[in-house]
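Have the coordinates open and follow along.

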Amino acid sequence: IFFGSLFLAAQIPKEFMPQEDEGEFTVYVELPEGSSLRETLRQTEMVEDEIRATGWVTDIYTTIGKGERQKQNEAEMLVKLIPWEERAFNQVAAMNEMRRRLDKYAGRLKTNVVEAQRIASGGWATQLFQYSIQGPSLEKLEELANSYLRRMRENGNFVDIDTTFETGKPQVSVTIDRDKAADLGVSTIGIAQTIGSLIGGREAGSYKESGNDYAVRIRLQQADRLDAGDIGKLEVRASDGRLVELNNVVTTTRESGPVEINRLSRRRQVMVLANLTEDLPLGEAVKLMQSWTAEMETPTGYKTQVVGMAEIMLESFASMNFALLLAILLIYMTLASQYESYIHPLTIMLSLPLSVVGAMGALYLSGKTLNIFSMIGIIMLMGLVTKNAILLVDFTNQCRREGLDRHAALMKAGPIRF
């Protein structure tokens, strides 16, 4: 039975924290890059109307441009449900229904439905499952991310699927002809500083008014920096003192690029993001992604790893396992000092492994997961089992001192102590 319970433990799904019904959740809405504040407000109000139409929402608190990035094309809505006694469904069912209703806006908006966050995260991603792909080329990272997204959609248990790689931001690329620049005595750093100062601006000082400090930036007037062609009209100082027009040494091209480039440990990264259905616990999602990674054979120079809540789960489980081993060691040391014996504590602690039978069996039969709470319960169970064993063995020894043989002492102590 004991070894069977060890096999059973491998079949129990794992997650960091079980989902709770707190009567509220958060809806994140993202419009295309470059959307105005007015358009974001209009689309957000439309989503609010969709949420209210359910009939089981009491309050909606909406914020636009919240968080570290403060982007005007992103909104966050805290949705509060009617009290538990007035509804026949739980919070998870409400969130699934909300995802279904918001699917109609998939072409115009990105939406994400998650539990209300009680602790602020270091990053901006709100999805429960986060998988990081790192490497030198953004194009290859995007290709790998799309491969994961395709498998996640086919699986069906990943919802609110997204990546951190966003393109479409208009930009102008300036390419320097280094041979021409060298012939004319123009340095690349001089070109960069000229464009940066005249187009982007350079801080020249600050002034104070009504107790506030304001930075003073100097750059060209707006009429002289509206078009990409205006860059070529700028002049840069050559090594011999002449002014050289940039048209002679640079080429400008209009293109679109990434909104931002994320990095982890100084490596470029793209994160694959998703929430999970009830049928796919976080631990199983991690195993699934790792198996897909093994099948895809990640190219040399590229690396993948779980981050966010999954990473916290793995670290917490490792810490809890260490705490469990430490608890068993401390129990042995305490018993050894009390009984002044190295063997007697082992007799008492033989019941510790057998307690796993009940713990894993109860989790498996009830359909629950192995999470941070159940692991704390197992550590507490070790203490309870040890206490029971101490009482049982101590009473058995007392019966033997009274003249009973070993079998009779056990037969008497077992039912009484039980």
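## The second largest cavity

In this predicted model, the lining of the second largest cavity is made up of four nonpolar, three polar and one charged residues. You can find this lining by selecting Leu-138, Thr-164, Phe-165, Glu-260, Ile-261, Asn-262, Gln-269 and Val-270. The space inside the second largest cavity comes to about 30 Å³.

## The largest cavity

Sorted by class, the residues lining the largest cavity are three nonpolar, three polar and two charged.

## Where α8 meets α9

Two packed helices are described by the angle between their axes and the distance between the axes. Here, helix α8 (residues 282–296) and helix α9 (residues 309–339) have axes that come within 10 Å and cross at roughly 105 degrees. Angles of 65 to 115 degrees count as roughly perpendicular, so α8 is roughly perpendicular to α9.

To see the contact itself, look at Leu-282, Gly-283 and Val-286 on the α8 side, which meet Met-309, Ala-310 and Met-313 of α9. The contact of α8 with α9 involves five nonpolar residues, one polar and no charged.

## An aromatic pair

With ring centres required to lie within 6.5 Å, the count of aromatic pairs comes to seven. One of them joins Tyr-131 and Tyr-148, whose ring centres are 5.4 Å apart and whose planes are at 65 degrees. Planes over 60 degrees apart count as edge-to-face, so the pair of Tyr-131 and Tyr-148 is edge-to-face.

Which parts does this pair tie together? Tyr-131 belongs to strand β5 (residues 129–134) and Tyr-148 to helix α4 (residues 138–155), so the pair links parts that are 17 residues apart in sequence.

Note on methods
Residues are numbered from 1 along each chain as its sequence is written. This is a predicted model: local features need pLDDT of at least 70, side-chain atom pairs count only at pLDDT 80 or more; totals for chains, interfaces and linings use all residues. Side-chain values use heavy atoms; hydrogens and water are left out. Ala, Val, Leu, Ile, Met, Phe, Trp, Tyr, Cys and Pro count as nonpolar, Asp, Glu, Lys and Arg as charged, and the others, Gly among them, as polar. On a 1 Å grid over the protein atoms alone, a cavity is a set of points where a 1.4 Å probe fits but cannot get out, and a pocket is an open set with protein on both sides within 12 Å along at least five of seven lines; lining residues have an atom within 4 Å of a point. Grid points are joined across faces, edges and corners, and a volume is the space filled by probe spheres set on the points. Axes are lines fitted to C-alpha atoms, for helices over the stretch in contact, and angles run from 0 to 180 degrees between N-to-C directions. Helices (H or I, at least four residues) and strands (E, at least two) are DSSP runs, numbered from the N terminus. Angles under 35 degrees count as roughly parallel, over 145 as roughly antiparallel, 65 to 115 as roughly perpendicular and the rest as oblique. Contact means heavy atoms within 4.5 Å. Rings of Phe, Tyr and Trp (its six-membered ring) pair if their centres lie within 6.5 Å; planes under 30 degrees apart count as stacked, over 60 as edge-to-face and the rest as tilted.
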